[in-house]
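This report goes through strand pairing, pockets and nonpolar cores in turn. Please keep the sequence and the model open while reading.

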Amino acid sequence: MHITLKYRHDTIHVDGKGFPISDFRHERSWRHLDMWQYKTILEARARRYRDGDGIKSVPVPWVMPNSRLSWLMEKNGRNITVHQESDKDCTSSSPVL
């Protein structure tokens, strides 16, 4: 499942100041928690604004810096114990001797 996130406003508020959106960065994607047992990917373009002489990107709130996973996925991934399945096929019956 791919979820595309879009920003609806034309201004950004950073540290109590309002800035007009200058442009957007290239589209990125992040792995998120599964929804209804489907692999879920968040897709978005980060907003950028002009502050003085430079252009700054607004960090997206659902990820940690430089991560490809949403923060919920990272948080839950650390707490999940992975159980490896045995190689034995549970549906087959043992041979009769």
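The sections below begin with the basis of the values and then describe the elements and their surroundings.

## Basis

The structure is a predicted model, in which local features need pLDDT of at least 70 and side-chain atom pairs count only at pLDDT 80 or more, while totals for chains, interfaces and linings use all residues. Residues are numbered from 1 along each chain as its sequence is written, and side-chain values use heavy atoms, with hydrogens and water left out.

## Strand pairing

Helices (H or I, at least four residues) and strands (E, at least two) are DSSP runs, numbered from the N terminus. Two strands count as paired if DSSP finds at least two bridges between them. Strand β2 (residues 11–14) runs antiparallel to strand β3 (residues 17–35), joined by four bridges. Within this pair, I12 has F19 in β3 as its bridge partner. The hairpin of β2 and β3 has two residues between the strands, and D15 in the turn has a positive phi of about 55°.

β3 is also joined to strand β4 (residues 38–51), by 10 bridges in the antiparallel sense. Here F24 is bridged to R47 of β4. Two residues separate the strands of this hairpin, where W36 has a positive phi near 50°. β4 in turn pairs with strand β5 (residues 54–57), antiparallel and over four bridges, and Y49 has K56 in β5 as its bridge partner. The β4 and β5 hairpin again has two residues between the strands, and G52 in its turn has a positive phi of about 70°.

## Pockets

Volume is the space filled by probe spheres set on the points, which are joined across faces, edges and corners.

The largest pocket holds about 270 Å³ of space. Its lining has 16 residues, with R25, R28, P59, V60 and V63 nearest the centre. β3 gives the most to this lining, four residues. By class, the lining has nine nonpolar, four polar and three charged residues, where Ala, Val, Leu, Ile, Met, Phe, Trp, Tyr, Cys and Pro count as nonpolar, Asp, Glu, Lys and Arg as charged, and the others, Gly among them, as polar.

The second largest pocket has about 230 Å³ of space. It is lined by 14 residues, and L5, K6, Y7, F24 and R45 are the closest to its centre. β4 gives the most to this lining, with four residues. The classes are nine nonpolar, one polar and four charged.

## Cores and a buried serine

A nonpolar core is a set of buried Ala, Val, Leu, Ile, Met, Phe, Trp, Tyr and Cys residues joined through side-chain atoms within 4.5 Å; buried means under 20% relative accessible area (1.4 Å probe, protein chains only). The largest core consists of six residues, W30, L42, A44, A46, V60 and V63, and β4 gives the most to this core, three residues. Apart from it lies another core of five residues, including I12, I21, Y49 and V58.

Contact means heavy atoms within 4.5 Å. Not counting residues up to four places away in sequence, A46 touches D23, F24, R25, V58 and V60. S67 lies in the loop between β5 and α1 (71–79) and is buried, at a relative accessible area of 8%. With the sequence neighbours up to four places away left out, S67 touches R28, W30 and E74.

Key:
On a 1 Å grid over the protein atoms alone, a cavity is a set of points where a 1.4 Å probe fits but cannot get out, and a pocket is an open set with protein on both sides within 12 Å along at least five of seven lines; lining residues have an atom within 4 Å of a point. Buried means under 20% relative accessible area, exposed over 50%, partly exposed in between (1.4 Å probe, protein chains only).
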